[in-house]
Amino acid sequence: MLNYQKGQITLPQYKLLLCSLYEIYKALEEELDRNASHPGVAPIYFPQELARLESLERDLEHFFGPDWRKKIITPAATQRYEQRLRKIGRENPMLLVAHAYTRYLGDLSGGQVLGKITQKSIGRNEGLSFFQFPGVTSPHRFKQLYRSRMNSIELTGEEREAVLEEAGSAFEFNIQVFDDLQKMLSFTTETVDQSQANVVNSPTAMFPSSPIMQFTMGMCVALVTVGMGIYAL
């Protein structure tokens, strides 16, 4: 967190991260929408307050232009994460709660702070919609409501174990995505940034040394830990 506050994230790093977040949230939110009436999904279904897809689309259009969909680059780990979300959406929608909780509450918790830090770091006021939650007036109260709704989901012992295991999987998927982003950034910085003249300030700048990755991974660990505690009850 302290390293992130130094504002060390570069524009190419941020743009590459947005590409993966778009694919992840596209799968997550489409599956949540499709299973909105499922008893394991309905209590934590808050599209107006939490949906990130439209915000990510605006950010990507800002950075890559109107044909941004043709320029998205994502690593294999992001594709595996997307496939997992599609699979559980089809076969066991109840498990979506583990991914929704980990992602949404993590983004909501650090959204305003990270948005300001990213704005200062990349020197831009636009392209930061992802960090904004206009439908949530009080993040603290909303998180309390979300956890309460999540705890209201009726689960058998076996189902609780399944959700617990899926929460661990959500964490692992995020770690794999960050690892693959590191590899991509070290080889494809020029490709990712081909539409603009911005380049990485240092040839050694990669995601593990990037504060945004350190903070996001730390947040993910914390959320999964909390989730495990809740579902172990």
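Trainee: Which residues have the most contacts inside the largest nonpolar core?

Mentor: This is a predicted model. Its largest nonpolar core has 60 residues, and those with the most contacts inside it are Tyr-14, Leu-32, Leu-50, Leu-60, Leu-85, Tyr-104 and Tyr-146.

Trainee: How far does H1 reach from its first C-alpha to its last?

Mentor: Helix H1, residues 11-34, reaches 34 Å, which is close to the 34 Å expected at 1.5 Å a residue.

Trainee: Back to Leu-85. What does it touch?

Mentor: Leaving aside residues up to four places away in sequence, Leu-85 touches Ile-24, Ala-27, Leu-28, Glu-31, Leu-96 and His-99.

Trainee: A new topic: at roughly what angle do the axes of H5 and H6 cross?

Mentor: They cross at roughly 170° and come within 11 Å. Angles over 145 degrees count as roughly antiparallel, and H5 and H6 are therefore roughly antiparallel to each other.

Trainee: Which residues meet there, in H5 and in H6?

Mentor: From H5, the residues are Val-97, Ala-100, Tyr-101, Tyr-104, Leu-105, Leu-108 and Ser-109. They meet Pro-139, Phe-142, Lys-143, Tyr-146, Arg-147 and Met-150 in H6.

Trainee: And how many are nonpolar, polar or charged?

Mentor: The contact of H5 with H6 has 10 nonpolar, one polar and two charged residues.

Definitions and conventions
Residues numbered from 1 in each chain as written. Predicted model: local features only at pLDDT ≥ 70, side-chain atom pairs only at ≥ 80, totals over all residues. Heavy atoms only, no water. Helix = DSSP H or I, 4+ residues; strand = E, 2+ residues; numbered from the N terminus. Expected span 1.5 Å × (residues − 1). Core = buried A, V, L, I, M, F, W, Y, C linked by side-chain atoms within 4.5 Å. Buried < 20%, exposed > 50% of the residue type's maximum accessible area, 1.4 Å probe, protein only. Contact = heavy atoms within 4.5 Å. Axes fitted to C-alpha atoms, helices over the stretch in contact; angles between N-to-C directions. Parallel < 35°, antiparallel > 145°, perpendicular 65-115°, else oblique. Nonpolar A, V, L, I, M, F, W, Y, C, P; charged D, E, K, R; others polar.
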